[in-house]
Amino acid sequence: MNPAPKPPPPADHTAVIELLDQVIAHTVAPAAVTVDREGSFPSASVQVLAQAGLGGLLMPPSLGGRGASTATYAEALARIAAACGSTSTVYMTQMHCAHPIHLQGRPDQYEAWIPAICRGTAIGAIALTEPEAGSDVATMRTTARRDGDSYVINGEKTFISNGDVADVIVLFATVDPGLGKDGITAFLIDTAHVAGLTAGKPMKKLGQKGASTVTLGFQDCRIPVTARLGAEGDGYPLLLRSVSKSRISAAAQGIGFAQGAFDATVRYCAERDLLSSRTREAQDLQFALARLRAEIAAGRSMLREVCDLVDGSEEDPTAEVAMVKMHCTTLGVRVASACAELLGEDGDRDDIGAERRLRDAKITEIYDGTNQVQSMLVARDIRLSVTR
């Protein structure tokens, strides 16, 4: 393992990306094929990223982060995804855990966990999805019953990234199922100090095989009232404030997987002299790559614009975030698929890399709100805009 380079100053986009590229080249990219083939958790890559001061880009420097912009975070995540999809999912899940703690936690809560997440000494997870409640969180069945100075948690969460290795989990549960979304409340679960929490075996998946995804069971888990994030019923507004970052993350992954597949294909073609102007019989291939490059550039530009809008708006631009999530994740699948086809009979070879990016990309259209849900959000905004 290479020693971590000196961290960059806060919010310096160029310095962050230059340092990130060094870590990717030295640690993340070389390990990516093995992580995928063996389904091994990419702990070394995550640790080196954190040791380099890149583990909590959006968090303030006072809590161990970089105080970076959303655009810098998205570009960093896209580059990590281009190299290793599994590492990118673990990396972004760390941020998805830290973000709601920072938004709604008490000082003692975020001081206890956010610096550790940024340093990589704590692994975070966020537990929202249930077997019978996916996008419709109002039907959540995991309950948090108040019992004196404690809450007793019962229920099940599924498709939880980092769930089996997490030190801290941001859990969304309902204090009263009859209240619908108004009963949803957020809690901090310190996994080392709770009984009754069980994690299933990591799921066998199409892609992102090293990013652990599990089902979590809560059986009479007793946690102190002080583990609550905010007041009872504050979980749904917190969730809405948190999803903009998670959907930006999925969009960034989409750009990264497209770029990774494109780069792998270009390397393959260059090794066979298929990009030379003298190779006229390969012009169709060259033209196809030119179009894919333009599409990736357009998607990256859209992502950057929406990131700037998120940082510059008092309220989250729901429709714009939904559009960029929908567009960029679809782009990732389509470009990776096109690259695999351009490679002909070599398209499914795992040593080239286009097929890995295609497998890694597909889930981005599904998690953090399926792209059908994103379409609903955009359509709703179109209807509302007519009446404004």
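A: Contact here means that heavy atoms lie within 4.5 Å of each other. A residue is called buried when its relative accessible area is under 20%. The model is a predicted one.

Helix 9 spans residues 354–362. Seven of the nine residues of helix 9 are buried, so by the cut-off of under 20% relative accessible area the helix is mostly covered. The buried residues are Ala354, Glu355, Arg356, Arg357, Arg359, Asp360 and Ala361. What covers them includes helix 1, helix 3, helix 4 (85–104), helix 6 and helix 8 (318–342).

Helix 9 also takes part in the lining of the second largest pocket, giving two or more residues to it. That pocket has a volume of about 380 Å³. It is lined by 23 residues, and the closest to its centre are Arg79, Ala82, Ala83, Asp263 and Arg357. Arg357 is also among the buried residues of helix 9. Besides helix 9, the elements that give two or more residues to the lining are helix 1 (13–38), helix 3 (70–83) and helix 6 (235–271). Helix 6 contributes the most, with six residues. By type, the lining consists of ten charged, nine nonpolar and four polar residues.

In helix 3, the residue to look at is Thr70. Thr70 has a relative accessibility of 1%, so it counts as buried. Setting aside residues up to four places away in sequence, Thr70 touches Leu58, Lys245, Ile248, Cys307, Val310 and Asp311.

In helix 6, the residue to look at is Leu239. Leu239 has a relative accessible area of 7% and is therefore buried. Apart from neighbours within four places in sequence, Leu239 is in contact with Leu128, Val137 and Phe172. Leu128 and Leu239 are 111 residues apart in sequence, while their C-alpha atoms are 9.1 Å apart in space.

Next come the aromatic rings. One aromatic pair is found in a search of the whole structure. It joins Tyr151 and Phe187, whose ring centres are 4.9 Å apart and whose planes meet at 65°, so the pair is edge-to-face. Because Tyr151 lies in strand 3 (residues 150–161) and Phe187 in strand 5 (residues 184–190), the pair ties together parts that are 36 residues apart in sequence. Tyr151 and Phe187 are both buried. Another ring to look at is that of Tyr268: Arg272 lies over its face, at 3.7 Å from the ring centre.

Last, the backbone. Most residues other than glycine have a negative phi. Gln208 has a positive phi, near 50°. Gln208 sits in the loop between strand 6 (197–199) and strand 7 (213–224), and with a relative accessible area of 3% it is buried. Asp220 is not a glycine either, and its phi is positive at about 50°. Asp220 lies in strand 7. With a relative accessible area of 46%, Asp220 is partly exposed.

Methods. Residues numbered from 1 in each chain as written. Predicted model: local features only at pLDDT ≥ 70, side-chain atom pairs only at ≥ 80, totals over all residues. Heavy atoms only, no water. 1 Å grid on protein atoms, 1.4 Å probe; cavity = no way out; pocket = protein on both sides within 12 Å on 5 of 7 lines; lining within 4 Å. Points joined across faces, edges and corners; volume = space filled by probe spheres on them. Helix = DSSP H or I, 4+ residues; strand = E, 2+ residues; numbered from the N terminus. Nonpolar A, V, L, I, M, F, W, Y, C, P; charged D, E, K, R; others polar. Buried < 20%, exposed > 50% of the residue type's maximum accessible area, 1.4 Å probe, protein only. Phe/Tyr/Trp six-rings, centres within 6.5 Å; stacked < 30°, edge-to-face > 60°. Lys NZ or Arg CZ within 6 Å of the ring centre and 35° of its normal.
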